[in-house]
Amino acid sequence: MQQVDAVIIGGGLAGCATAYYLSRGGARVALLEKHQINSGASGQNAGSLHFQLEHRLIQYADELGEQLDFYVALARRAIDDWRDLPGELDGEIELAMHGGLMVAESAAEVAQLEKKAAIETRQGLHVELLDGPAARRLAPYLAETVHGALLCPDEGHCNPRLLTAAFASSARRLGAQCRAGTRVESLSRDAAGWRIDARDDASGEPINLCAEAVINTAGAWAANIGRLANVHLPVFPVALTMSVTEKLPPVLHHLIQHVGRKLSMKQVEDGNLLIGGGWSAQLERRGESWSDSLGAGIDLASLRGNLATAADVVPATRELALLRTWTGTTGITPDQLPIIGEVAQAPGFYVATGGSGFTYGPTYARLLAEQILQGQSSFPLTPYSPDRFGHMNMFMGQT
Amino acid sequence: MTRIDHNVTRGAAVSISIDGQVLKACAGETLATALLAAGVDSFYRTTKGTPRLPFCNMGSCFECRVLVRGEERESWQLACMTPVADGMQVHTGLTVGDTLAAAFHDG
């Protein structure tokens, strides 16, 4: 039985970044990943850094109310964190923060931009509303149908295949153990803390750990790990579609999004365009459950919709050859906001999952590590606490 | 490369223009066939200027792209999947990235 301070379950961005920040704070950390490091949504997403309120949130602006203010306040914190990362992590992460444009194609959509710009400006996020011609002066490839755009100069993108690996490598340098191919089989708690029983998939060798803190960073599959700790976590898998085109000389400097349609587009350092924006893919079932290992299938209608939206907003994309389309599975919560913090009914059991996990993953991890090490974080995480779903665990948890 | 004529029945003659030069091809041939028969040695060029020729001849590798001028606009086509048509105007050996990028600058 090996004693550590914290065991992290799930080797995606949230897990590897938490391992890094906890190790940096002096904790002894073990990270256990069932598949390979970065094999889930952290490595499959399209790498957008979207600090503006997104389409998926603006659609529910009235229901989310002041949560949106908090979301934007956190975005400012995340911008600062991102600017620090290249100097802090081992290895290149291909971070580009050249700005993002969220476009509108109708008067009603321009009104949506104005509505969100008011919230964003109130919280100190730098945004600027442009009319169609001004947007096309910045981005001549935008279609004539673009009536307006909200520019956020801090937006951009980062390479999802490099970021998690850089966090894992930096965490290892500070002494963290990161184990891939290791499946957690049971979690139990007594007066001394948590006992974590896992198994190396290849050798069958048991791995037994004890720790004061267990951190569930299993992403879309966080509810499964919650079950091992006898708690309900409302996290549901959703599968999305991403595509990459052939390479071009640099032509598209901004992250392009749409306020009323599902779209994200960017040009990466190698010259390819990545196109996504939340178009669904088909989750695979195994029996009555969603499979966490089969991957999700491409839905051709969804792919066509994604590419047609891209071509409507940036007509020049119509001529580009599509190199590859792939899918990834992320987790969504009932209120679309992440779940971060300790589960009251299972002391020492923490969760960090959901809610724009790529853009905000490093910040969630950093704040959660502060909460674990110092008892409180330098930026309040209370709005994202699992306590808001505490009623689900009234009859669950650890006695 | 020359066409085999002995004991072979080919489609009707059509005229296509390759980089401004008019060439005879046969209906039913693909553009890739006509270009290879004409001795074209660079269908397009990569961003770094390397000339490329068809590899798979079945629409998968995208190495046979040529710029075809249609009635309304130019578009990149896979030569191996495009049948020749009378009056077709084709441009070869262009740097694909540059011409695709130009469309972004023009809006």
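Is A:K115 buried, partly exposed or exposed? At 37% relative accessibility, A:K115 is partly exposed, where buried means under 20% relative accessible area, exposed over 50%, and partly exposed in between (1.4 Å probe, protein chains only).

This is a predicted model, in which local features need pLDDT of at least 70 and side-chain atom pairs count only at pLDDT 80 or more, while totals for chains, interfaces and linings use all residues. Residues are numbered from 1 along each chain as its sequence is written, chains are lettered from A and ligands numbered from 1 in the order in which they are written, and side-chain values use heavy atoms, with hydrogens and water left out.

**Stop 1: A:K115 and A:D62**

A:K115 is in helix α6 (residues 107-122) of chain A and A:D62 in helix α4 (residues 61-64) of chain A, so the pair ties together parts 53 residues apart in sequence. Helices (H or I, at least four residues) and strands (E, at least two) are DSSP runs, numbered from the N terminus. A:D62 counts as exposed, at 67% relative accessibility.

**Stop 2: where chain B meets chain A**

Show both chains. The contact takes 17 residues from chain B and 15 residues from chain A, contact meaning heavy atoms within 4.5 Å. The area buried between the two chains is about 1,200 Å², and carbon and sulfur atoms give 68% of that area. Buried area is the accessible area (1.4 Å probe) that two parts lose on being put together, summed over both.

How many salt bridges are there between chain B and chain A? The count is one. Select B:R65 and A:E246, whose side chains meet in a salt bridge at 2.6 Å, N to O. B:R65 lies in strand β5 (residues 65-69) of chain B and A:E246 in strand β14 (residues 236-247) of chain A, so this pair joins two chains. B:R65 is buried at 6% relative accessibility, and A:E246 is buried with a relative accessible area of 7%.

Three residue pairs are in polar contact across the interface of chain B and chain A (both at pLDDT 80 or more). A polar contact is a pair of N or O atoms within 3.5 Å; within protein, one must be able to donate a hydrogen and the other to accept it, and residues adjacent in sequence count only if both atoms are side-chain atoms.

Now colour β6 (74-78) and α2 (96-106) of chain B: each supplies at least two residues of the side of chain B that touches chain A. Of the elements on that side, α2(B) gives the most, with nine residues. The residues on the side of chain B that touches chain A divide into seven nonpolar, five polar and five charged. Here Ala, Val, Leu, Ile, Met, Phe, Trp, Tyr, Cys and Pro count as nonpolar, Asp, Glu, Lys and Arg as charged, and the others, Gly among them, as polar.

**Stop 3: B:E29 and B:R10**

Within chain B, select B:E29 and B:R10. They form a salt bridge, with the closest N and O atoms 3.9 Å apart. B:E29 is in the loop between β2 (21-26) and α1 (31-37) of chain B and B:R10 in the segment before β1 (13-18) of chain B, so the pair ties together parts 19 residues apart in sequence. B:E29 is buried at 7% relative accessibility, whereas B:R10 is partly exposed at 35%.

**Stop 4: A:W290**

Go to strand β20 (residues 289-290) of chain A, which holds A:W290. This tryptophan is partly exposed, at 39% relative accessibility. Leaving out residues up to four places away in sequence, A:W290 touches A:W221, A:P237, A:L283, A:E284 and A:R285. For a distance check, pick A:F236: A:W290 and A:F236 are 54 residues apart in sequence and 9.5 Å apart in space, C-alpha to C-alpha.

**Stop 5: the cysteines**

Over all chains, the structure holds zero disulfides, a disulfide being a pair of cysteine sulfur atoms within 2.5 Å. Select A:C152, for which the nearest cysteine sulfur is that of A:C158, 16 Å away. A:C152 is buried, with a relative accessible area of 0%. For A:C178, the nearest cysteine sulfur is that of A:C16, 5.6 Å away. A:C178 is buried as well, at 13%.

**Stop 6: positive phi**

Finish at A:Q336, in the loop between β22 (322-332) and β23 (339-342) of chain A. Its phi is near 70 degrees, a positive value in a residue other than glycine. A:Q336 is buried, at 11% relative accessibility.

Key: Salt bridge = Lys/Arg side-chain N within 4 Å of Asp/Glu carboxyl O.
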